[in-house]
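This report goes through a few local features of one protein model. The sequence and structure come next.

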Amino acid sequence: MGFEEEYEIFMNAHLQVRTGERLRRLQEGHNHAEILFLRQVWWPIFNHFRYLHPEYEVDDFKDGKRYLDFAYIRPAIRICFEIDGYGPHLRNISRWQFSDNLERQNQLVIDGWTVIRFSYDQVKEQPRRCQQIVQQVIGRWLGNELDHTALSILEKEVLRLAIQKGESIAPIEIEKHLKLSDKTVKKILSNLVDKKMLIPASGTVRIRSYRLGDQIKRPIY
């Protein structure tokens, strides 16, 4: 299915299980900026919304409740994604509110969250850069899942490097990072292409770069 169909299923699933303030926040807090993030940043990477929670409720450090724009939650992984608009409400923020926002973010980090913030302009004008950051932060954690696959140690390290980079990777980068010979890297890359974990990103006769294939993208993400 395409974005519109999957987005409707995603939102309905969360709306159906929420009540009270949690439901109201989802209905009123999930607006244009959040939808744009899903459409231009999240969807092109993953083609699904699994493990993602919109307007996610967390305990406030003052014994109240706060809501994150998006929370990505898996075992041992908690990542907060915030999309910040630059409007009158932000320009006119008080010194107390500014300090409160910083304290809120600090508390999330103390509680074990990784916090990633994007401006609305970044999501709108630089979606590819935002995609790379999302891939890098999630890849940093999920690269560990490669340990459960039937790959050689060097194949796993090459894939971890590709996941963390978040974009196509050249053989010379692998050689320098892992301190391997050109011949060894070519063999590893060829094996990973055969296993559909990497696919050529540029070049035909001589491949100049590689990117993650669906065989590795979908199960890990």
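Is Glu55 buried or exposed?

Glu55 counts as buried because its relative accessibility is 2%; buried means under 20% relative accessible area, exposed over 50%, and partly exposed in between, with a 1.4 Å probe and protein chains only. The model is predicted, so local features need pLDDT of at least 70 and side-chain atom pairs count only at pLDDT 80 or more, while totals for chains, interfaces and linings use all residues. Residues are numbered from 1 along each chain as its sequence is written, and side-chain values use heavy atoms, with hydrogens and water left out. Glu55 is placed in strand S1; strands (E, at least two residues) and helices (H or I, at least four) are DSSP runs numbered from the N terminus.

Strand S1, residues 52-59, also holds Pro54. With a relative accessibility of 0%, Pro54 is buried. Beyond its neighbours within four places in sequence, Pro54 has contacts (heavy atoms within 4.5 Å) that include Phe10, Met11, His14, Leu68 and Phe70. Between Pro54 and Gly29 the C-alpha to C-alpha distance is 9.1 Å, and the two are 25 residues apart in sequence.

## Positive phi values

Most residues other than glycine have a negative phi. Glu55, which is not a glycine, has a positive phi near 45°. Asn47, also not a glycine, has a positive phi of about 60°.

Asn47 sits in the loop between helix H3 (32-46) and S1. Its relative accessibility is 30%, so Asn47 counts as partly exposed.

## Helices H9 and H10

Two packed helices are described by the angle between their axes and the distance between the axes. For helix H9 (residues 171-178) and helix H10 (residues 182-194), the axes come within 10 Å and cross at roughly 115°. Here axes are lines fitted to C-alpha atoms, for helices over the stretch in contact, and angles run from 0 to 180 degrees between N-to-C directions.

On the H9 side, the contact is made by Pro171, Ile174 and Glu175, and on the H10 side by Asp182, Val185 and Leu189. Of the residues in this contact, four are nonpolar, none polar and two charged. Nonpolar covers Ala, Val, Leu, Ile, Met, Phe, Trp, Tyr, Cys and Pro, charged covers Asp, Glu, Lys and Arg, and the others, Gly among them, are polar.

## Cysteines

There are zero disulfides in the structure, a disulfide being a pair of cysteine sulfur atoms within 2.5 Å. Cys80 is buried at 1% relative accessibility. Cys130 is buried at 1% relative accessibility.
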